[in-house]
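Please keep the sequence and the coordinates at hand while reading.

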Number of protein chains: 2
Amino acid sequence: MTFSTDVHYARRLDEQDELAAFRERFVVDDPELVYLDGNSLGRLPKQSLDRARDVVARQWGQGLIRSWNEHWLDLPRRVGAKIARLIGAADDEVTLADSTSVNLFKLTGAALRVPRTRGRTKIVTDDLNFPTDLYILRSAAELAGADCSVHVVASPDGMTVPFAALAEAIDSTTALVALSHTAFKSAYVYDMPAVTNLAHEAGALVLWDLSHSVGAMPVSLSSAAVDLAVGCTYKYLNGGPGAPALLYVRRDLQESIRNPIAGWFGHHDQLAFHADYQPAAGIRRMLTGTPPILSLALIEPGVDLVLEAGVERLRAKSVHQTEYLIGLWECLLAPLGFALGSPREPERRGSHVALCHPEGLRIARALVDQMHVIPDFRAPDTLRFGLCPLYTTYAELHRAVSALHDVTRDGRYRCYPGRRRGVT
Amino acid sequence: MTFSTDVHYARRLDEQDELAAFRERFVVDDPELVYLDGNSLGRLPKQSLDRARDVVARQWGQGLIRSWNEHWLDLPRRVGAKIARLIGAADDEVTLADSTSVNLFKLTGAALRVPRTRGRTKIVTDDLNFPTDLYILRSAAELAGADCSVHVVASPDGMTVPFAALAEAIDSTTALVALSHTAFKSAYVYDMPAVTNLAHEAGALVLWDLSHSVGAMPVSLSSAAVDLAVGCTYKYLNGGPGAPALLYVRRDLQESIRNPIAGWFGHHDQLAFHADYQPAAGIRRMLTGTPPILSLALIEPGVDLVLEAGVERLRAKSVHQTEYLIGLWECLLAPLGFALGSPREPERRGSHVALCHPEGLRIARALVDQMHVIPDFRAPDTLRFGLCPLYTTYAELHRAVSALHDVTRDGRYRCYPGRRRGVT
């Protein structure tokens, strides 16, 4: 089929989509709503409705304290092991814990205290990284000592960071290279093996934030020999709002790292209530306090759907869909002043597409209020369209671009003041 | 009525209990089960069943990302303000966040960096404190610098700590006094105003862990001029397994403290995605990452029940119930070798009663398996009986003591090996 801006073309693509049936596995109560913000908060799997009832009514209500042993103590590692399969890690290298921010703090703090980084004082990151990552890295650096600092490599185009710029920043004083694998705004995707290798050659550890990758992008932490990773479960994994985050530590590092927030869930003999802390063997030592079970338990149904569909197939559809969206942009939106804010090469682009327009904020509001299309907006001028190949259809993308086109061409956004909205 | 070990006496006490109707507000699917572990995990309020459905199906499933603005962003502070009324704090002094352990780390780290504690290197706590509190205090001390250390005041009887012992430990080098208001094992309750005053006179800050107090004990943080506090929501507040924890900072300290894990939920303009961190005004700066919404949202129904019953009335019933239980112990259990592991004076005792027996572990197992009575066990020899005045009946206490008596007298625990179980 030849690309066309016609809606019939979109419908034919949906008919040929071998993953189309997965949409039925999600709650889609309003078929008129075009939801393109699954990269902030994924949709609700139908299975999670049953799971919520079971966890609350049966496990909590009936099982009471007994459910800790029967259902909950093992949950972080059990679901972590499933996520491990999505990111090319071993079962015992991934757990669920806390928030992405807290996990990033813990792993950064741990990285700065392993023998290998002793005497090294620099953390290297970039300005494409999610802002909270920058705050957390600076927090951890400050606690590590006055001479430790965070070096932020600047993106020359606000969209990508050249390998050479990273290579220049990473040197023999670098303790840790901490980057988002897929950038939250532009969807730029780093070459994980190459950057990891670069860091390792300089003697540094590397930590990847997989928040905008996991569930959408094939990642192989093991084959790239990645040291540390964190990531969200409420985006492409559809784990629910604020669901606990993933935390990865390569197996051969696990015995040498120390959790800077040592708590009873990471104690080697948690229920003995020893006055002295002894870290558990393996990844469990990175746990701290009591995990929020209801939020934790609802991660699994979304992960199961991704496993069932397969990350490679999801990635193939995602690439095809982002290409389709960019094709529509080129024909319909570029003439109206929209710039592409994501890399053009699919292998350097994640599962969302950024479109920039000086009136982006007001246009986003008009899309939501008038057109029943939900993208999200990132200051100062970026609309993000998140494509979740488990449930996003080509027809939805066509409707979103048509709406964007009409709202902009007709100036229907001009009734709005310039206020922000949206949460990743 | 004169105290009696007869079950009819227990039934008459239940008939006269003005809070008895609150039991109907909880899911009690198995009326034969005597659940005395509400100080580890409180029962499920019926209202929480509806709330869970609403949060998952409607707020997440239908509202999707829009629910952040409509329901979730304000949740930590809105429910925090309700909890503030239970602990004698102002609305804007309490928020919900993370786990108790992580909050303790954040507040301890913050306390060690305010101007008032500069040059002070000692954190004072005691060995009645919950083990994770000790681990966390040491973690925070270690990150604060090599000269910072945790001084653990020893309890001479494993049950209480004399005021004089604390007074001896707190000196001009003390930065922070961090204690559990109600001890997790013995239920010993500190004189909060007196200890707070002692710390303040030495120029130190004070941090109370309210985990075993909030919802069961009247506490007035404001009138005692308490600086900092944390606490669990899943015990006497019935917020659900691992529900996020409370965090309190006295208002006049809020602008001077810095969150050692600075994250985007504590940024003054969170959705502007600034590269630089600027703390929010007030308590919100102590938030870090995205909170686990499903667990967070289910805290409110339990808090509402405590507010409706009133902490003073709950405390009066709790005192009466613990006195009743101790009366039964004296007549029926002391002769079988059980020692009272809680203070005898009700004003120094929280809402659980500890009974110690050399065979405590096996006896606890027999109670659960054979008698359908759930206490919990804390190594090496302590059975805890948690009395939640919202739903615990006198008849249940009578049944529990009768079961304990029979199991012990008849040696019916001897079939069990010595393995641990239980989670607070």
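**Interface and sheet**

Between chain B and chain A, 24 residue pairs are in polar contact, both residues being at pLDDT 80 or more; a polar contact is a pair of N or O atoms within 3.5 Å, where within protein one must be able to donate a hydrogen and the other to accept it, and residues adjacent in sequence count only if both atoms are side-chain atoms. The elements that give two or more residues to the side of chain B touching chain A are α2 (46–62), α3 (66–72), α5 (100–111), α6 (131–144) and α10 (293–297) of chain B; helices (H or I, at least four residues) and strands (E, at least two) are DSSP runs, numbered from the N terminus. The largest share of this side, 9 residues, comes from α6(B). By class, the side of chain B that touches chain A has 44 nonpolar, 23 polar and 14 charged residues, with Ala, Val, Leu, Ile, Met, Phe, Trp, Tyr, Cys and Pro counted as nonpolar, Asp, Glu, Lys and Arg as charged, and the others, Gly among them, as polar.

This is a predicted model, in which local features need pLDDT of at least 70 and side-chain atom pairs count only at pLDDT 80 or more, while totals for chains, interfaces and linings use all residues. Residues are numbered from 1 along each chain as its sequence is written, chains are lettered from A and ligands numbered from 1 in the order in which they are written, and side-chain values use heavy atoms, with hydrogens and water left out.

In total, 81 residues of chain B are in contact (heavy atoms within 4.5 Å) with 81 residues of chain A. Across this interface the rule finds 6 salt bridges, each a side-chain nitrogen of Lys or Arg within 4 Å of a carboxyl oxygen of Asp or Glu. In the pair of Asp276(A) and Arg138(B), the closest N and O atoms are 3.8 Å apart. For Arg113(B) and Glu142(A), the corresponding separation is 2.8 Å. Arg113(B) lies in the loop between α5 and β3 (122–126) of chain B and Glu142(A) in helix α6 (residues 131–144) of chain A, so this pair joins two chains.

Within chain A, 7 strands form an open sheet of mixed pairing, in the order β2-β8-β7-β6-β5-β3-β4; two strands pair if DSSP finds at least two bridges between them. Because β2 (94–97) and β4 (149–153) of chain A each have a single partner strand, one side of each is left without a neighbour in the sheet. Strands β5 (residues 174–180) and β6 (residues 205–209) of chain A run parallel and are joined by 5 bridges. Leu176(A) stands opposite Leu205(A) in β6(A).
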